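This report is meant for someone who meets this structure for the first time. Please look through the sequence and the model before reading on.

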Amino acid sequence: MGFWTLLKGLLLFANALAILNEDRFLVPRGWTLVDLHHTGRRNSPKGQIIGLIHACQYMRLPLMLINTAVIVMKLIFS
């Protein structure tokens, strides 16, 4: 496994987190920032995961640009 493969895998993981629907997936499980702030457990593993999910959702436009760059690079070099 090379470094390029690792980067593509991380990009796929970030894409998976970015497309999660908050109303359908996160709210029924209590994985929202509002619920996290009420409990006050921001540094717990669950709080860190919730923060990562929301960060990926917030960064959707840069993810689209990175995806486009990766696709272009794959077309050129493969």
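## The chain as a whole

The model is a predicted one, and the values in this report are computed from it. The protein chain holds 5 helices and 0 strands, and from the N terminus on its elements run α-α-α-α-α. With a radius of gyration of 15 Å, well over the 12 Å that the globule rule gives for 78 residues, the protein chain is more spread out than a compact globule. Along the principal axes, the C-alpha trace of the protein chain spans about 50 × 25 × 15 Å.

Of the 78 residues in the protein chain, 22% count as buried. Among the contacts in the protein chain with a separation of 6 or more, residues 24 or more positions apart account for 59%.

## The N-terminal span and the nonpolar patch

According to the unreviewed UniProt entry, residues 1-18 carry the annotation "signal peptide". In the model this span is 89% helix and 0% strand, and the C-alpha atoms at its ends lie 25 Å apart.

Which residues make the nonpolar surface patch of about 1,100 Å²? The patch is made by Met1, Phe3, Trp4, Leu6, Leu7, Leu10, Val72, Met73, Ile76 and Phe77. Helix 1, which covers residues 3-18, and helix 5, which covers residues 60-77, each supply at least two residues of the nonpolar patch, and helix 1 gives the most to it, with 5 residues.

Met1, one of the residues that make the patch, has its place in the segment before helix 1. Met1 counts as exposed because its relative accessibility is 84%, and the cut-off for exposed is over 50%.

## Thr32 and the residues around it

Thr32 lies in the loop between helix 2 (22-29) and helix 3 (33-39). Is Thr32 buried or exposed? At 7% relative accessibility, Thr32 counts as buried, because buried means under 20% relative accessible area. Leaving aside its neighbours within four places in sequence, Thr32 is in contact with Glu22, Leu26, Val27, Ile50 and His54. Thr32 and Gly47 are 15 residues apart along the chain, and their C-alpha atoms are separated by 9.3 Å.

His54, one of the residues in contact with Thr32, has its place in helix 4 and, at 16% relative accessibility, also counts as buried. When residues up to four places away in sequence are not counted, His54 touches Glu22, Leu26, Trp31, Thr32 and Leu33.

Glu22, which is among the residues that His54 touches, is found in helix 2. With a relative accessible area of 30%, Glu22 is partly exposed. Its own contacts, not counting residues up to four places away in sequence, are with Val27, Pro28, Thr32, His54 and Gln57. Glu22 and Leu75 are 53 residues apart in sequence, and from C-alpha to C-alpha they are 33 Å apart in space.

## Two further residues of helix 4

Leu52 is found in helix 4, which covers residues 45-58, and with a relative accessibility of 42% Leu52 counts as partly exposed. Not counting residues up to four places away in sequence, Leu52 touches Phe13 and Leu17. Leu52 and Ala14 are 38 residues apart in sequence, while the C-alpha to C-alpha distance between them is 9.1 Å.

Gly51 is found in helix 4 as well, and Gly51 is partly exposed, with a relative accessible area of 31%. Gly51 and His38 are 13 residues apart along the chain, and their C-alpha atoms are separated by 15 Å.

The C-alpha distances named above are set out together in this table.

| Residue pair | Separation along the chain | C-alpha distance |
|---|---|---|
| Thr32 and Gly47 | 15 residues | 9.3 Å |
| Gly51 and His38 | 13 residues | 15 Å |
| Leu52 and Ala14 | 38 residues | 9.1 Å |
| Glu22 and Leu75 | 53 residues | 33 Å |

Terms used:
Residues numbered from 1 in each chain as written. Predicted model: local features only at pLDDT ≥ 70, side-chain atom pairs only at ≥ 80, totals over all residues. Heavy atoms only, no water. UniProt positions renumbered as here; feature names shortened; annotations may be inferred. Helix = DSSP H or I, 4+ residues; strand = E, 2+ residues; numbered from the N terminus. Patch = residues over 30% accessible without salt bridge, like charges linked within 9 Å, V, L, I, M, F, W, Y side chains within 5 Å. Areas by Shrake-Rupley, 256 points an atom, 1.4 Å probe, with all protein chains shown as cover. Salt bridge = Lys/Arg side-chain N within 4 Å of Asp/Glu carboxyl O. Buried < 20%, exposed > 50% of the residue type's maximum accessible area, 1.4 Å probe, protein only. Contact = heavy atoms within 4.5 Å. Rg over C-alpha atoms; globule rule 2.2 N^0.38 Å.
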